[in-house]
Amino acid sequence: MTTSAIRNLGHLFKRRKKTIDLSTATQWQLIGMKMRQHKLAWFSLKFLIIVYVIAAFAEFFAPFDPSDNWRRYTYAPPQSVSLFENSHDGWRWAPHLEFYKSETDKRTLKRHYQLDPETKVYFSFFGKTESYELMGFIPMSYKFIVPHDTKQPFFILGSDRMGRDMLSRLIYGARISLSVGLMGVFTTFVLGILIGGVSGYFGGTVDNIIQRTIEFIKSIPTLPLWMALSASLPAEWSSLTKYFLITIILGLVSWPDMARVVRSRFMSLRGEEYVAAAWLDGNSPFEIIRRYMAPNFMSHIIAVVTLAIPMMILGETALSFLGLGLQAPMVSWGVLLQEAQNIRALAEATWLLIPAVAVIIVILAMNFVGDGLRDACDPYHDQGAK
């Protein structure tokens, strides 16, 4: 390739890599630019996208079904993973794990495990397996991790008291815990905008009644209120029914904060000239709220919603940990943490606390994204801080 051709390609690349004109950029383009400048928030957003993709396609990424158990390997420790193997021909690609040598104490009947470098369990990435349904309706026959011997289990993150794979249960639990946060926030989003919008737009007696109701709800301690509402659910209801009701409960308890934010924004916007013009044009109050007022601060609401999702996840985790939320056979991070309530688990099977680590990491990432969105949506935030 000649020098002139290389120069032309360089000019072509520069032309395609256009910078956004700030004078004509839309609000969402400006928010995107500001988010990319917030490195921690941008990295956290990418991390959360990966986590949600893994949770959504749990059947593909989990090595086993969360209910599969091997009683011979109860409380088995995590296995070390190697991607290469040293053979006579040198190093070669051979993903495998070191398996266990186990001994049972005849006095205490306690099983002791030791990793055996001589015994290896081989597996493949994107291997073919038995047919299953991805997300419950897509037929699939490939998985991300597939053992060569389907009858030989392996435990990358260890096993629980029933010999179930912790990695598979952690992935399936992410689907429930993370979706509870999204559905709960959706309920909060709808109620907060509706009730807060009515309160801020009409004011007067309507505003007083709504604000006193919000103050009453806020005066009740959150965790006892969650516990009382969850404990009132009939025990004979199915786990799926309880799952949807838990999300509604979390949303019903958390809408006052959103409503107050929306009310304050509506009270500042209802005196604007374009709102008066829309009213004189014959628009109904609902149309004015939906078409003219709500879009003006939707980016700010999205930032508030992002910061509210972690509270929903922590609420579900706390309720399930206390035995008042989701119950087996459903798998969530809170249900998994029930396994770590006894002294033996804390003393001998510390890997059962891995779901708590997952909760901490995801909550931190969501808080970083929320902070980044708040700064990006509020152009005067940094100036006020200075």
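Tyr75 sits in the loop between helix 4 (58–61) and strand 1 (81–87), where helices (H or I, at least four residues) and strands (E, at least two) are DSSP runs numbered from the N terminus. This is a predicted model, in which local features need pLDDT of at least 70 and side-chain atom pairs count only at pLDDT 80 or more, while totals for chains, interfaces and linings use all residues. Residues are numbered from 1 along each chain as its sequence is written, and side-chain values use heavy atoms, with hydrogens and water left out.

Although Tyr75 is not a glycine, its phi is positive, at about 50°. With a relative accessibility of 14%, Tyr75 counts as buried, a class that means under 20% relative accessible area, whereas exposed means over 50% and partly exposed lies in between (1.4 Å probe, protein chains only). Phe126, likewise not a glycine, has a positive phi of about 55°; this residue belongs to strand 3 (residues 111–134). Pro117 is also located in strand 3. The accessibilities of these residues are set out below.

| Residue | Relative accessibility | Class |
|---|---|---|
| Tyr75 | 14% | buried |
| Phe126 | 53% | exposed |
| Pro117 | 46% | partly exposed |

Pro117 and Phe99, which are 18 residues apart along the chain, have their C-alpha atoms separated by 7.2 Å.

An unreviewed UniProt entry carries the annotation "transmembrane region" for residues 40–62, 170–195, 243–262, 297–313, 319–337 and 349–369; UniProt positions are given in the numbering used here, feature names are shortened, and annotations may be inferred rather than shown by experiment. In the model, residues 40–62 are 91% helix and 0% strand, with end C-alpha atoms lying 28 Å apart. Residues 170–195 are 100% helix and 0% strand, and their end C-alpha atoms are 37 Å apart.
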